[in-house]
Amino acid sequence: MFLLLVGAIGGLCVHYEATEDQRDPYPAAEDIDADYDRYVGDTALLIGTVESVDRDVGTARLRVDHDGGAFTMTLAEFRTTVEPGGTVQAYGTLEAERTLRVSRTVVVNESGGSKLYKYAVSVAGAALVLGLFFRHWRINLETVAFEVRNRD
């Protein structure tokens, strides 16, 4: 029964990875770069680095990096306050000449303490789980197995 359960979980993991592209409602950056004209008129979500901002016209140049390289997009109707070099998520409709008509943008700034927080929470969670586990179980060194602790 255990092997059947492990096999089913393994199969689900493989299926999840194999069908990942089908679950994403937006075209991938690699696909947009390779065949842009195919996606004109589609909704897209792009994440990239702002190269320049023209506040007077309401546009920005966005460099989108992906596994196969990088490409540059013009963001039209761009009203977000961000300096060149900042990272943004831009959501909108793809138009001709590599332009994304933005309906929403989010500035993504990494916090200096975010990594420390992430690791501290992970260590605290692991310590909590191990503490609860060893509160109810103990290691029997003779049989090299876990046994339920006596509640006497």
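Let's start with Glu 17, which sits in helix H1, residues 2-18 (helices are DSSP runs of H or I with at least four residues, strands are E runs with at least two, numbered from the N terminus). This is a predicted model, in which local features need pLDDT of at least 70 and side-chain atom pairs count only at pLDDT 80 or more, while totals for chains, interfaces and linings use all residues. Residues are numbered from 1 along each chain as its sequence is written, and side-chain values use heavy atoms, with hydrogens and water left out.

H1 has 17 residues and spans 24 Å from first C-alpha to last, close to the 24 Å expected at 1.5 Å a residue (that is, 1.5 Å times one less than the number of residues). The number of buried residues in H1 is zero, so the helix lies largely in the open. Glu 17 itself counts as exposed because its relative accessibility is 53%; buried means under 20% relative accessible area, exposed over 50%, and partly exposed in between, with a 1.4 Å probe and protein chains only.

Glu 17 also belongs to a surface patch of negative charge, together with Glu 20, Asp 21, Asp 24, Glu 30, Asp 31, Asp 35, Asp 37 and Asp 67. Helix H2 (20-23) and helix H3 (29-34) are the elements that give two or more residues to this negative patch. Patches take residues with over 30% relative accessible area and no salt bridge, joining like charges within 9 Å and nonpolar side chains (Val, Leu, Ile, Met, Phe, Trp, Tyr) within 5 Å.

Now for the nonpolar patch, about 780 Å² of surface made by Leu 130, Phe 133, Phe 134, Trp 137, Ile 139, Leu 141, Phe 146 and Val 148. Helix H4 (114-136), strand E6 (137-140) and strand E7 (145-148) each give two or more residues to the nonpolar patch, and H4 gives the most, with three. Phe 134 is placed in H4 and counts as partly exposed because its relative accessibility is 31%.

On to the salt bridges, where a side-chain nitrogen of Lys or Arg comes within 4 Å of a carboxyl oxygen of Asp or Glu. The count comes to six. One of them pairs Arg 101 with Glu 77 at 2.6 Å, N to O. That pair links distant parts of the chain, 24 residues apart: Arg 101 is in strand E5 (residues 99-108) and Glu 77 in the loop between E3 and E4. Arg 101 also bridges to Glu 95, with the closest N and O atoms 2.7 Å apart, and Glu 77, Glu 95 and Arg 101 are linked in a network.

Terms used: Areas by Shrake-Rupley, 256 points an atom, 1.4 Å probe, with all protein chains shown as cover. Lys, Arg positive; Asp, Glu negative; His and termini not counted. Charge placed at Lys NZ, Arg CZ, Asp CG, Glu CD.
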